[in-house]
Amino acid sequence: MNSKPGQNLLGSLRVAIIGVGLIGGSLAKALRQSGSVARVVGYARRKSVAERALQLGVVDEYSTDLTTVVAGADLVVIATPVLSTRSILEHIKPALAAHTIVTDVGSAKGVVVEACEQVFGRVPAKFVLGHPIAGSERSGVEAADAGLFNEHKVILTPLADSDAHAVAVVTDMWRAVGAEVLEMDVAHHDQVLASTSHLPHLLAYSLVDTLAHQDANQDIFRYAAGGFRDFTRIASSDPTMWHDIMLANHTAVLASLDQFQADLGRLREALEQKDSQQLMGVFSRAKAARDHFIKRLDSSSYMNAEVTGEVTFEAMGGGPLAGQLRVPGDKSISHRSIMLGAIAEGITEIEGFLEGEDSLATLQAFRDMGVVIEGPQDGRVLVHGVGLHGLQAPVDSVYLGNSGTSMRLLAGLLSAQSFAVELTGDDSLSGRPMERVAKPLRSMGAQIESRDGKPPLGLAGGSALTGIEYELPVASAQIKSSILLAGLYAQGETCVIEDAPTRDHTERMLRGFSYPVTSTEISSVQRRICLSGGGVLKATQIDVPADISSAAFFMVAASITPGSDIVLEHVGVNPTRIGVINILRAMGGDLTLVNEREAGGEPVADIRVRYAPLKGIDIPVDQVPLAIDEFPVLFVAAACAEGVTRLTDAAELRVKESDRIQVMADGLITLGVTAQPTDDGIVIQQSTIGEGSVASHGDHRIAMAFAVASLRATGPIEISDCANVATSFPNFIGLAAKVGLTINIKQQ
Ligand code: S3P
């Protein structure tokens, strides 16, 4: 631990630790072992404890006199039970030097603010309130453990007038013992900790106490196995400490307890009524939430970026690409499998479900509306359908993350429900156009509010819908699907006319759920798709093929890297999605479809891709809707293709997760490629791709496209803001490495 960041600020400090129990003792021991401070002096009320601390190497020296310990200290850490803070402060006040910094480790912070106000009239600027989120059921100096804080979080709750230097010193002290330091305000800290720590301790103590009272307690404890042990471990914690914490944070703990009691009451009722639906609902939601939480804690991949912050890819290139790979399940089909499964009658079994953030957002939305969903487990999901009218009002607004498809399709499906609901999303989604669905839905009778045409969307619910005939103003499967889903609930027939073919997964899947949908050709490109409201969806089995939009990155990667030869397995090759294959072939790409078959109503094939020199083309406009998500990586192919490639009639790209025309043009130009964005497309000339840093603007497909570009670049390409790759392609880096493209992750 020699070069920990804290050394500059800490090196010459004399640190006094008041209380050398589990937390104070562990901190003292860790600071000594890190060598990051000059001296650690301990205080304990009882001499035997203080002496033991010395014997165990916890402190350099000790005193049982508070004034002596504090007088010579530069940094004082109060690590006694939280309700004793006030009396400690009263004792040390006269001995504190002007420069001395004070911090504490209390699990409740509001009460420490009050103690300061009582003793000093205010929280002194050099008192930085803190709380390490680490501990053990063990207590006392014997339990002191120098590794206790390593890779744990410490929350500081500085106030507006806290001394910046003092905050920096306390931050560095925690970093020196391996902790990650976060800041929060006092009230928020107390609320969060009431739910995540204080309530669980209260429950553990209470359960053990209840069981210990029962007559058969001998038997209970004799036979108590894993479940009891896991659930109640924390009931062995120090009672004084927890007594203090509960009283110190009693308002927030009571609020949390009341909420828990209400939920427990409902669960009791469900058990009494033998309500399987309710029991499965609670259990499967809880399992999903805990699994997600554990994954985020364990994962070092970009999947946990929300917790750890910004993710940068360093794409190192590589190749030639070789081997077989199956990319994750199709995103569009995964969304729809949950939506239709939820409103069907019976249990729908899904295989190959995409466990990416976008489709998981859809899954969570339906859980929030009372649908029992088991999984996903290795791509397998069971949806317990509730029928067209069985969805329940969610408790809160429904958060859809980065997923435009979820929001637009749900706008249609939910505008016909009896309850009101608000749909929200992340920053990128909150900037995307929603009037394109809101307008036709309003003409069916839906009541929808948006914020200047963008999310959040407020759906009033309780509207009776009537079928419409609607000609799509833009070639968009999302608009088509949104209207058709609303049409399931509408009086009469709902028809959508499309002037260019867009992906038809909704129509295919509805038929798979035994719901009649007609699709008639009006002309060679125009189609009318119709359904009538009021039918029933019957649960089915769905095999989600690998996503052609994810496979596209490897199609381009192999096409541009000399010597490459790969096979992409079980890829969905629905005719409304194969623009990328058609365009690459037109550019001279060597792609062969083998083993063509049908899986669950969708055509699939294995695709062999070999390197081939590419040439620039004018991309046929009829291919644009069929390759709408694949253009970022096709632009990389264009940069490697002899001559010039021109894209027109693709203005839709400007309103995807980012403005994909501008963002790709900016990145390509940074790397030395000659690229000229236009209103509705781009012109790209063959160029040498240089090394450099580009911005993905949080757009998953831009991030992956530039990673592919590194295969032909003169050096590494650094790509910022890549956390959202997990929205569509959770194991992109692993699969890329498997076939020969190396990408390193840098996390800040
Ligand atoms: C999608 C349709 C496309 C596509 C999006 C998914 C779908 O959007 O870009 O990633 O699942 O229906 P538009 O239909 O709006 O072009």
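**Ground rules**

I worked with a predicted model, in which local features need pLDDT of at least 70, side-chain atom pairs count only at pLDDT 80 or more, and totals for chains, interfaces and linings use all residues. I number residues from 1 along each chain as its sequence is written, and side-chain values use heavy atoms, with hydrogens and water left out.

**Entry: helix α15**

I looked up α15, which covers residues 331–343 and has 13 residues. Helices and strands here are DSSP runs numbered from the N terminus (H or I, at least four residues, for helices; E, at least two, for strands). From its first C-alpha to its last, α15 reaches 19 Å, close to the expected 18 Å. The expected span is 1.5 Å times one less than the number of residues.

I then checked burial (buried is under 20% relative accessible area, exposed over 50%, partly exposed in between, with a 1.4 Å probe and protein chains only). I found 13 of the 13 residues of α15 buried, so the helix is largely enclosed by the rest of the structure.

At the N-terminal end I noted D330 as the cap, with a side-chain oxygen 2.9 Å from the backbone nitrogen of S332. For polar contacts I used pairs of N or O atoms within 3.5 Å; within protein, one atom must be able to donate a hydrogen and the other to accept it, and residues adjacent in sequence count only if both atoms are side-chain atoms.

**Entry: ligand surroundings**

Which residues are around the ligand? I listed S332, R336, T405, S476, A477, Q478, R503, I628, D629 and K656.

A polar side-chain atom of S332 lies 2.6 Å from one. A polar backbone atom of Q478 is 3.1 Å from a ligand oxygen. For D629, an N or O atom in the side chain is 2.5 Å from a ligand oxygen.

S476 counts as buried at 7% relative accessibility. S476 touches R436 and T502, not counting residues up to four places away in sequence; contact means heavy atoms within 4.5 Å.

**Entry: salt bridges**

How many salt bridges does the structure hold? I read off 37, each being a side-chain nitrogen of Lys or Arg within 4 Å of a carboxyl oxygen of Asp or Glu. Side chains of opposite charge can pair when their charged atoms come close.

I inspected R436 and E652, whose side chains meet in a salt bridge at 2.8 Å, N to O. R436 sits in helix α18 (residues 435–443) and E652 in the loop between β27 (644–647) and α24 (660–670), 216 residues apart. R436 is buried at 17% relative accessible area, and E652 is buried at 17%.

I next took K480 and E498, which meet in a salt bridge at 3.2 Å, N to O. K480 is in helix α19 (residues 477–487) and E498 in strand β20 (residues 493–498), 18 residues apart. K480 is buried at 0% relative accessibility and E498 at 2%. I also noted one network, in which salt bridges that share partners join R432, R503, D629, E657, R660 and D699.

**Entry: nonpolar cores**

I took a nonpolar core as a set of buried Ala, Val, Leu, Ile, Met, Phe, Trp, Tyr and Cys residues joined through side-chain atoms within 4.5 Å. The largest core has 83 residues, and F554, M555, L568, L584, F631, I719 and F732 touch the most other members. Helix α21 (residues 548–560) gives the most to this core, with 10 residues. I also logged a second, separate core of 65 residues that includes F513, Y515, L537 and I542.

**Entry: F353**

Where is F353? I placed F353 in the loop between β12 (345–351) and α16 (357–368). F353 is buried, with a relative accessible area of 3%. Leaving aside neighbours within four places in sequence, the contacts of F353 include S334, S337 and I338. I also noted that the C-alpha atoms of F353 and I628 are separated by 22 Å, the two residues being 275 residues apart along the chain.

Conventions. Near = heavy atom within 4 Å.
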